[in-house]
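Here's a quick briefing to keep beside you while you look at the model. Take a look at the sequence and the fold below, then read on.

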Amino acid sequence: MNKIQEVKERADIVKVAEYFGIKKKQCCPFHKEKTPSFSISQSKQIFKCFGCGEGGDCITLVSKLLNINAYESAKQINNILGLGVDFGRQTSSNEINRYKQIQQAKDRFKKWHNETLQMLCNYLHSLKGIEKDKKQDIVEYYIDLLIFGT
C-alpha cells in the first residue's frame, strides 16, 4: 500500500479540516461567497463545495489549502494528526487495521467517560435535602475519580 493511501485510510477529514480552522459547513475557503456551500461528510471522508465544484478527500483538501502535491500533503497530515505512518518503510494492512481498532477503542472510551460523568453530575444535581447531604460526598468522589483518575 502506498503512503498516500495509508494516510487516507488512517486520517479523519474532519480532524484535518479543524486543524486548518475549517468547519463541517461553512463558506468555501477556495472562493469568495456570501452563503455557505462548502460541506464535509465524515461518513464518506470527503469535502465538496457546491459553489465552485471543488471536492475530494483529506489529501486533496490539504493540497489545495497549502498549494502542495499529494505526497507532501500526506506527510503534513501524518505530522498534524500523529498518524505514525513511517514514510521510510512499507506498512502492512494489518498494521493499518490495528491502528484503526485502537482509535475506535479510544473514541468509545471517551464517549463512555463523558456519558458516565454527565450521569453522575445529573444525579448529584437531582439530590435534595438530607439525601443530598448523605450521598454528595460519594458522588463527588466518583466524579473526581473520573476526572483525575486513581
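How much of the accessible surface of the protein chain belongs to carbon and sulfur atoms? The answer is 52% of about 10000 Å², with areas worked out by the Shrake-Rupley method using a 1.4 Å probe, where for residues only the protein chains shown count as cover. Keep in mind that this is a predicted model: local features need pLDDT of at least 70, side-chain atom pairs count only at pLDDT 80 or more, and totals for chains, interfaces and linings use all residues. Residues are numbered from 1 along each chain as its sequence is written, and side-chain values use heavy atoms, with hydrogens and water left out.

**Overall layout**

- The protein chain has six helices and four strands; these are DSSP runs numbered from the N terminus, with helices being H or I of at least four residues and strands being E of at least two.
- Reading from the N terminus, the order is α-α-β-β-β-β-α-α-α-α.
- The radius of gyration is 22 Å, well over the 15 Å that the globule rule gives for 150 residues, so the protein chain is more spread out than a compact globule. That radius is taken over C-alpha atoms, and the globule rule is 2.2 Å times the number of residues to the power 0.38.
- Along the principal axes, the C-alpha atoms fill a box of roughly 65 × 45 × 20 Å.

**Burial, contacts and charge**

- Of the 150 residues in the protein chain, 29% are buried. Here buried means under 20% relative accessible area, exposed means over 50%, and partly exposed is in between (1.4 Å probe, protein chains only).
- Looking at contacts (heavy atoms within 4.5 Å), 45% of those with a separation of 6 or more come from residues 24 or more positions apart.
- There are 24 positive and 17 negative side chains, and the centres of the two sets lie 5 Å apart. Lys and Arg count as positive and Asp and Glu as negative, while His and the chain ends are not counted. Each charge is placed at NZ of Lys, CZ of Arg, CG of Asp or CD of Glu.

**Helix 3 and its surroundings**

- Helix 3 covers residues 58-66, and its buried residues are Cys 58, Ile 59, Leu 61, Val 62 and Ser 63.
- Those buried residues pack against helix 1 (3-10), helix 2 (13-19), strand 2 (38-41), strand 3 (46-49) and helix 4 (70-81).
- At the start of the helix, a side-chain oxygen of Asp 57 comes within 3.1 Å of the backbone nitrogen of Ile 59. For polar contacts, the cut-off is a pair of N or O atoms within 3.5 Å; within protein, one must be able to donate a hydrogen and the other to accept it, and residues adjacent in sequence count only if both atoms are side-chain atoms.
- Ser 63 has a relative accessible area of 14%. Leaving out residues up to four places away in sequence, Ser 63 touches Ile 68, Asn 69, Ala 70 and Ser 73.

**Two positive phi values**

- Gln 45 sits in the loop between strand 2 and strand 3. Phi of Gln 45 is near 60 degrees, again positive in a residue other than glycine, and Gln 45 is partly exposed at 25% relative accessible area.

**Gln 26 in strand 1**

- Strand 1 spans residues 25-26 and includes Gln 26, which is buried with a relative accessible area of 17%.
- The side chain of Gln 26 reaches the backbone nitrogen of Lys 23 at 2.8 Å.
- Not counting residues up to four places away in sequence, Gln 26 touches Gly 21, Glu 33, Pro 36, Ser 37 and Phe 38.

**Residues with more open surface**

- Tyr 19 is in helix 2 and is exposed, with a relative accessible area of 54%.
- Met 119 belongs to helix 5 (residues 93-126) and is exposed at 53%.
- Tyr 142 is in helix 6 (residues 129-148) and is partly exposed at 40%. Tyr 142 and Gly 82 are 60 residues apart in sequence and 32 Å apart in space, C-alpha to C-alpha.
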